[in-house]
2 protein chains.
Amino acid sequence: MREFKKLTPYRRAFELMLDDLEEIKEAEKVPLSKVYGRVLAEDVVSPIDSPPFNRAAVDGYAVMAEDTFQAREYSPVKLDVIDEITTGMKSNAEVSPGKAVKLMTGSKMPEGANAVVMQEHVKQKEDKIYILRPVAPGQNVAFAGEDVRKGETVLRKGQVLRPQEVALLKSLGFREIRVRRKPRVGIIITGDELIDEFDEKALKAGKILESSSALLWGLVKQYFGEPVFYGVLPDDEKIISEAIKTARMENDLVLVTGGSAFGDKDLAHHSIRLLFHGTTIKPGRPIGYGERVFVISGYPAAVFAQFHLFVKYALAKLAGARFKPITVTAELTDKVSSQLGRYEFIRVWYEAGKVRPIKKRGSGLISALVKSNGYIIIPENSEGYLKGDRVEVTLY
Amino acid sequence: MREFKKLTPYRRAFELMLDDLEEIKEAEKVPLSKVYGRVLAEDVVSPIDSPPFNRAAVDGYAVMAEDTFQAREYSPVKLDVIDEITTGMKSNAEVSPGKAVKLMTGSKMPEGANAVVMQEHVKQKEDKIYILRPVAPGQNVAFAGEDVRKGETVLRKGQVLRPQEVALLKSLGFREIRVRRKPRVGIIITGDELIDEFDEKALKAGKILESSSALLWGLVKQYFGEPVFYGVLPDDEKIISEAIKTARMENDLVLVTGGSAFGDKDLAHHSIRLLFHGTTIKPGRPIGYGERVFVISGYPAAVFAQFHLFVKYALAKLAGARFKPITVTAELTDKVSSQLGRYEFIRVWYEAGKVRPIKKRGSGLISALVKSNGYIIIPENSEGYLKGDRVEVTLY
């Protein structure tokens, strides 16, 4: 395998790439029902108090707390029940000394009342109640604005909207919200050796069934992007550079795989000024980046590592997403080793505090990707970890 | 708050619910481009060896290993280069003693050769090479079937298809695959107090903006299902039971929320024979289940807890998905306490080995959901955990 004259250290390559990309500024208003997974384009300020009024936090009786201070099990305080409200209704009755209003969790507090006595601490006989325990002013009341205050910033620009954020927006009265346009990502697969569909004769003759497009398509969708597939192209410099040109115009980012990145026929990058080409990562060492184009090694395991070490962060930046992969520290079940000078991406299976490295490590082996749910890194200055070491796993 | 006569312990309620549900048997053939996130309906057996032939694992020269045994830096072995192949081509030349074929990573091994000498360990002069190091038979060769063997079961029924599984299927020649039909989930929101759209006057009068539908819609989509929304219904027993009847016919599962589940107006369950109603979970205690219908408390935080403790597992079972949420053990930054007898669902923020409980715990507070990315459980027999305790977090 030919060595690159100079491998760019991973961290340096990562910074060059990230600094070169610009966040997409365009935003669009999207109805809440279609906004799951999208990225907020601006801070969201609440137009209302939520709850919009003081409400009962328990089922019971709205009272003036002062009336209950003397209440004891052996010496209950008697009050008149002057009204009863169900949730979503309100009472026009006003609570005054000696009076109570029956209500339910969520009911709007009636005028005059400043506390709620829980149903369990009361005995009711017809329209009288006997209160067995005192309540303090404010007790069992959910105050207006307790959840969210009017004018409060409830969500920040860059938030990725999960079901709970969408529910919050709905509860504040929003019906649509401004989110960033998704980054469009052109995918170009190159290589004379590749075929796109099963063809036994071609396979026997030495061709390879291309699968990196399926991998990239799914990964781009998973990480904020909208993939656009430009097909499998032959190793023809003119065809490839034309395709890159078109894809750059039509997309925010372009991913070009070359199955033979180390060989003589790696043509993809000729038309692009790369900021780096060849890094310390393994697998996926030949990765290059420049002018919104990633030139990546086409072997599936290399594609996968290159995506997780570079492309997912590029997409998060373009999308303007606040994004940090979930990491956990866990105990290694087997030793793993690496060559000094390599930033090695090791696929693992994480479960219940243990992390098991996936042994098959050839860069063409998709079956090993399938057995993994995360990765660990052996950095350039380390030769690996021992069985029992605690290591940091990044989960997909 | 009225107590249920008898609360079913969470584990028991969970089993009653899960035992009652049946996996959906229907499957459909779906093209690979639309299969991400779906659940495999049957085991997948590879129709081919992958790679389909022995191929070079490095760039270099295919040789008979026996020819190289004497090769040393100071005493190279000289061979004739009789052909050169690029990836995706093959050579008809046959390697015999004294001969070599130049090739690239991924090239099909020519007849007669049983090893590859790396380019770095060779000096080429015109059509001769000088080999500086010996190779063993099989060295630097990726053998046919090394990744996947013909007839091997590569994916199991119930697998949730991620980008890497789709890529594996594509690399084996599949263009479509049988996946389970998604569970259809009817969502019915009930409550006189609820309004569906912002209306300042109604809010002032005590109404509440409904948001649980948005929460459930997103959660159902996130966990294998296809949501169908039946609207916000008034507290009218006839209307609700008609809607449940229709939704049961049209869906695999029905979720009915009642904002007033503890109150007198909780009507949703009257038409359904529930296997349990009222459990030890908090929040969400009033949850009931029977006949493919969940009757759930309508407060957003309760909806959320009930979904994660019950409904997501119901959906995984219906979908036939092998599903296990990701859990991590982490250090608690603050003490958390709970009442004995409650299976308490505490929302937390997990990051870098630390888990911070979200303090706001009222069941109506959506803002607390937004600040969380997982949960911990305080089981019935525990009063809580101390600051610094190591606890198990389930990540959303």
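Reader: How many helices and strands does the secondary structure of chain A come to?

Author: Helices and strands here are DSSP runs numbered from the N terminus, helices being H or I with at least four residues and strands being E with at least two; on that basis chain A has seven helices and 28 strands. This is a predicted model, in which local features need pLDDT of at least 70 and side-chain atom pairs count only at pLDDT 80 or more, while totals for chains, interfaces and linings use all residues. Residues are numbered from 1 along each chain as its sequence is written, and chains are lettered from A and ligands numbered from 1 in the order in which they are written.

Reader: Is chain A compact or spread out, judged by its radius of gyration?

Author: The radius of gyration is taken over C-alpha atoms, and the globule rule is 2.2 Å times the number of residues to the power 0.38. For the 396 residues of chain A that rule gives 21 Å, whereas the radius of gyration is 31 Å, well over it, so the chain is more spread out than a compact globule. Its C-alpha trace spans about 95 × 50 × 40 Å along the principal axes.

Reader: Which is helix H2 (residues 163-171) of chain A, enclosed or open?

Author: A residue is buried if 20 or more other C-beta atoms, placed from the backbone, lie within 10 Å of its own, exposed if 12 or fewer, and partly exposed in between. Nine of the nine residues of H2(A) are buried, so the helix is largely enclosed by the rest of the structure; among them are Glu165(A) and Lys170(A). Leu386(A), in the loop between strands S27 (384-385) and S28 (390-395) of chain A, counts as exposed because it has 11 C-beta neighbours inside 10 Å.

Reader: How is chain B laid on chain A?

Author: Two copies of a chain are related by a rotation about an axis and a shift along it. With superposition by least squares on the C-alpha atoms of residues with pLDDT of at least 70 in both copies, chain B is laid on chain A with an RMSD of 0.1 Å by a turn of 180 degrees and a shift of 0.1 Å along the axis. The two copies are thus related as by a two-fold rotation axis, and in chain B the C-alpha nearest that axis belongs to Val328(B), 3.4 Å from it.

Reader: How many residues does the contact take from each chain?

Author: Two residues are in contact if their C-beta atoms, placed from the backbone, lie within 7 Å; the contact takes 81 residues from chain B and 80 from chain A. Elements of chain B that give two or more residues to this side include helix H2 (163-171) and strand S22 (327-332).
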